Amino acid sequence: MAEADKLRGVKVMVIDDSNTIRRSAEIFLVQAGCQVLLAEDGFDALAKVADHQPDVIFCDIVMPRLDGYQTCALIKKNQRFRSTPVIMLSSRDGLFDRARGRMVGSDHYLTKPFTKDSLLQTVAAFAPAAF
């Protein structure tokens, strides 16, 4: 199965306070056939997660109001979304940041700025096998 076919219809949420990051991710994901949900911060994301039930969630770490660690922890505490993959996004690539992400339940870590290939490979790795 071609990579693009595997991603067709996968619902991906991108939570980031940077409009540039959200738009870049949206363009890459839509080109690959994904359905894309965008959120500006953790509060915005939490409201949308329940309504749209994304298959994969990308979550920036440094955001106002509710940071990525808190957002990830809240998503993972909900029984319905415990198995939904959450990939942390950050410009920091330190061991501490990765470990803290794991502690709150994140499934992976992607460093910004990401490339189209790294973003799509990450979605493909975590997308439900049913697609």
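The following paragraphs lead through selected residues of this predicted model.

Local features were taken only where pLDDT is at least 70 and side-chain atom pairs only at pLDDT 80 or more, whereas totals for chains, interfaces and linings use all residues. Residues are numbered from 1 along each chain as its sequence is written, and side-chain values use heavy atoms, leaving out hydrogens and water.

Arg22 belongs to helix α2, which spans residues 19-31; helices are DSSP runs of H or I with at least four residues, strands are runs of E with at least two, and both are numbered from the N terminus. Arg22 is buried but forms no salt bridge, and the nearest side chain of opposite charge, that of Glu40, lies 4.2 Å away. Here buried denotes under 20% relative accessible area, exposed over 50%, and partly exposed the range in between, with a 1.4 Å probe and protein chains only. Lys and Arg count as positive and Asp and Glu as negative, while His and the chain ends are not counted; a salt bridge requires a side-chain nitrogen of Lys or Arg within 4 Å of a carboxyl oxygen of Asp or Glu. The side chain of Arg22 does reach the backbone oxygen of Asp16 at 2.7 Å, and it makes a polar contact with the side chain of Asn19 at 3.2 Å. A polar contact is a pair of N or O atoms within 3.5 Å; within protein, one must be able to donate a hydrogen and the other to accept it, and residues adjacent in sequence count only if both atoms are side-chain atoms.

In helix α4 (residues 68-77) lies Thr71, which counts as buried because its relative accessibility is 0%. Leaving aside residues up to four places away in sequence, Thr71 touches Ile15, Gly42, Leu46, Cys59, Met63 and Leu66, contact meaning heavy atoms within 4.5 Å.

The whole structure contains zero disulfides, a disulfide being a pair of cysteine sulfur atoms within 2.5 Å. The sulfur of Cys34 is 18 Å from the closest cysteine sulfur, that of Cys59, and is therefore too far for a bond. Cys72 is likewise in no disulfide, with the sulfur of Cys59 nearest at 6.5 Å.

Between α3 (42-52) and β3 (56-60) lies Gln53, a non-glycine residue with a positive phi of about 45°. Arg65, in the loop between β3 and α4, also has a positive phi, near 70°, without being glycine. Finally, a cis peptide bond joins Lys112 and Pro113, with omega about -5°.
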